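Thanks for making the time, everyone; I would like to walk through one model with you, starting with its sheet and ending at its ligand. Please have a look at it first.

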Amino acid sequence: MFNELAEKRRSVRVYAERPVEAGKIDAIVEAALRSPTGGARRPWAFVVVTDKALLKELSAAKPQGAAFVKDAPVAVVVCGDPSASGLWVEDCSIAAVTMQYAAHALGLGSRWAHMRGNTFSEGTTSTQYIAKLLGLPENLAVECIIAIGYPAEEMVPYRKEELRFDKVSYNRYGQKKA
Ligand SMILES: Cc1cc2nc3c(=O)[nH]c(=O)nc-3n(C[C@H](O)[C@H](O)[C@H](O)COP(=O)(O)O)c2cc1C
């Protein structure tokens with residue numbers, strides 16, 4: 001049941017040394033390839049990285065907030081082609097989150113490391129740094145990196161009382177459920 005999965009999902013930053021089975025990686029990628037896109041344009045491209053040295057270099061793509069990528073056994077670099085669709089950000093985001101839920105459904109953990117709009121260092125964007133590292137073609141921008149692995153930290157699911165039901169209206173903004 002999807003709702004049970006959603007109830008338990010939390011982002012994971014610490015991963016076990018254990019490698020992720022190739023079949024599970026394939027299933028996660030397939031889920032992304034089945035994700036909805038505006039106008040069915042599929043403006044994304046995914047680079048699945050398992051090479052330890054590359055993972056370490058990817059974790060340096062921005063000064064903060066991506067260090068955990070180096071300790072993950074797998075990272076999927078989610079790229080989009082802005083010239084292929086004005087909705088590439090949405091499409092990449094949906095594919096990324098689809099992979100996160102697919103990973104969690106397979107007993108894995110994941111975390112998003114954001115890249116779009118970030119810089120590696122002065123004058124070099126995170127996309128430029130990653131493009132050089134992975135040999136991306138010029139038309140691609142990097143939305144994010146999804147780190148995936150067996151969790152080595154326990155993240156407590158949100159309790160229902162913590163959820164922001166105050167942000168939900170019915171029929172008209174601000175109107176509560178009857
Ligand atoms: C659009 C987006 C960008 C994010 N960027 C980062 C990031 O750069 N680094 C990071 O450690 N976590 C990042 N996260 C993970 C969030 O920090 C995490 O989802 C948030 O703290 C809520 O925790 P939860 O996923 O366990 O509910 C990102 C998540 C989203 C959806």
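This is a predicted model: local features need pLDDT of at least 70, side-chain atom pairs count only at pLDDT 80 or more; totals for chains, interfaces and linings use all residues.

Which strands does helix H5 lie across, and at about what angle does it run to S6? Residues are numbered from 1 along each chain as its sequence is written, and side-chain values use heavy atoms, with hydrogens and water left out.

Helix H5, residues 126-134, lies across S1, S2 and strand S6 (141-149), and runs at about 70° to S6; contact here means heavy atoms within 4.5 Å, and angles run from 0 to 180 degrees between N-to-C directions of axes fitted to C-alpha atoms, for helices over the stretch in contact. Helices (H or I, at least four residues) and strands (E, at least two) are DSSP runs, numbered from the N terminus.

The sheet itself is open, with four antiparallel strands in the order S1-S2-S6-S3, where pairing requires at least two DSSP bridges between two strands. Strands S1 (44-49) and S3 (109-114) each have a single partner strand, so one side of each is left without a neighbour in the sheet. S1 is joined to S2 (residues 74-80) by six bridges, and Ala 45 stands opposite Cys 79 in S2.

Turning to the ligand, a polar side-chain atom of Arg 111 lies 2.8 Å from one of its oxygen atoms, and a side-chain N or O atom of Tyr 158 is 2.4 Å from a ligand oxygen, polar contacts being pairs of N or O atoms within 3.5 Å.

Key. A polar contact is a pair of N or O atoms within 3.5 Å; within protein, one must be able to donate a hydrogen and the other to accept it, and residues adjacent in sequence count only if both atoms are side-chain atoms.
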